[in-house]
Amino acid sequence: MTELERSIIARVRVEPGENVSLRERDPRDSRLFGEEKGTKSATAALAKEIDALQDRLYAEGSRALLVILQGTDTSGKDGTIRNVFNATGPLGVSVTPFGVPSKAEQAHDYLWRVHAACPRRGTIGIFNRSHYESVLVEKVRNLSSPELIEQRYDQINAFEKHLVENGTTILKFLLHISKDEQKERLQERLNDPRKHWKFNPGDLDDRTHWDEYQDAYDIMLQRCSTPHAPWHVIPADRKWVRNATIATIVKATLEEMDPQYPKAQWKPGAFTIS
Ligand code: AMP
Ligand code: MG
């Protein structure tokens with residue numbers, strides 16, 4: 001891992017038990033990167049490296065990478081997937097969005113649908129929202145009792161540990177945007193007919209609970225950033241900084257995993273193709 005990668009990770013990673021306050025983290029932080037144009041082309045190059053590493057992961061076929069994206073509406077979860085994984089071969093990637101649980105999902109415990117969507121060996125799985133909604137929206141909107149929610153932090157840590165011990169590396173990214181930036185992005189969705197489909201009047205409702213969500217994020221970060229599955233708080237007001245930071249961490253993590261092409265079970269010289 002390079003010095004730069006190390007310092008980027010150190011800046012955004014939440015240490016286990018760290019007392020995090022999102023209000024003290026600058027969503028516009030861009031100190032680790034140079035100017036926008038150069039950073040964007042560096043990110044495009046990282047996306048290609050991620051693809052090459054993904055090819056090795058797929059060939060090796062024994063481990064998986066799970067990337068969890070959380071963040072409020074308009075925080076850029078879709079944009080991150082589009083920009084960081086746009087060079088990755090579709091064969092080895094799955095993207096799963098988690099919305100309001102269906103009737104069938106509600107008939108099970110909250111981790112049921114999540115476990116079913118976890119990436120198979122050799123692949124990268126991306127969660128657009130995740131089981132963390134069960135300690136975010138469900139907490140803020142009182143959809144579950146405080147007692148149930150309180151138990152979930154430990155349950156989630158145990159669940160993620162189970163995944164890690166069975167061959168899945170986990171990276172968690174909270175896309176941190178400011179309330180002003182969200183206002184601009186929501187306004188864009190209202191103004192641009194091509195973005196109307198992304199606008200949901202319920203998003204305005206969530207916006208009125210902004211402070212409660214920030215508090216719920218703080219608790220989630222403090223209780224669920226573990227040595228085996230760390231949280232990263234990504235400054236996300238600037239899309240190019242967001243993409244560059246996440247691409248850097250994904251690439252560095254895959255490099256650390258160092259997947260290997262399997263050795264052939266036959267002698268390459270033993271065959272002639274007529
Ligand atoms: P979007 O990501 O914009 O498609 O919206 C998905 C919606 O589903 C968000 O408003 C989430 O808060 C909501 N959602 C996701 N998981 C849950 C859950 N466990 N309970 C209630 N709402 C959820
Ligand atoms: Mg939405």
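**Close-up views of a predicted model**

Arg11 is partly exposed, with a relative accessible area of 35% (buried means under 20% relative accessible area, exposed over 50%, partly exposed in between, with a 1.4 Å probe and protein chains only). The model is predicted: local features need pLDDT of at least 70, side-chain atom pairs count only at pLDDT 80 or more, and totals for chains, interfaces and linings use all residues. Residues are numbered from 1 along each chain as its sequence is written, chains are lettered from A and ligands numbered from 1 in the order in which they are written, and side-chain values use heavy atoms, with hydrogens and water left out.

**View 1. The salt bridge between Arg11 and Asp29.** The two side chains meet at 3.8 Å, N to O (a salt bridge is a side-chain nitrogen of Lys or Arg within 4 Å of a carboxyl oxygen of Asp or Glu). Arg11 belongs to helix α1 (residues 3-12) and Asp29 to the loop between α1 and α2 (36-60), so the contact ties together parts that are 18 residues apart in sequence. Helices (H or I, at least four residues) and strands (E, at least two) are DSSP runs, numbered from the N terminus. Asp29 has 12% relative accessibility and counts as buried.

**View 2. The salt bridge between Asp73 and Arg129.** Here the N to O distance is 3.2 Å. Distant parts of the chain are linked, 56 residues apart: Asp73 sits in the loop between β1 and α3 (77-84), and Arg129 in the loop between β3 and α6 (137-140). Asp73 is buried at 13% relative accessible area, while Arg129 is partly exposed at 21%.

**View 3. Strand β3 and its two partners.** All 5 of the 5 residues of β3 (residues 124-128) are buried, so the strand is largely enclosed by the rest of the structure. Ile124, Ile126 and Asn128 lie on one side, Gly125 and Phe127 on the other. Strand β1 (residues 64-71) pairs with β3 in the parallel sense over 5 bridges (two strands pair if DSSP finds at least two bridges between them), and Leu66 stands opposite Gly125. Strand β2 (residues 93-97) also runs parallel to β3, joined by 5 bridges, with Val95 as the bridge partner of Ile126.

**View 4. Helix α11.** The helix (residues 239-257) has 19 residues and reaches 27 Å from its first C-alpha to its last, close to the 27 Å expected (1.5 Å times one less than its number of residues). Of its 19 residues, 16 are buried, so α11 is largely enclosed by the rest of the structure. Asp258 follows, with a positive phi near 50°.
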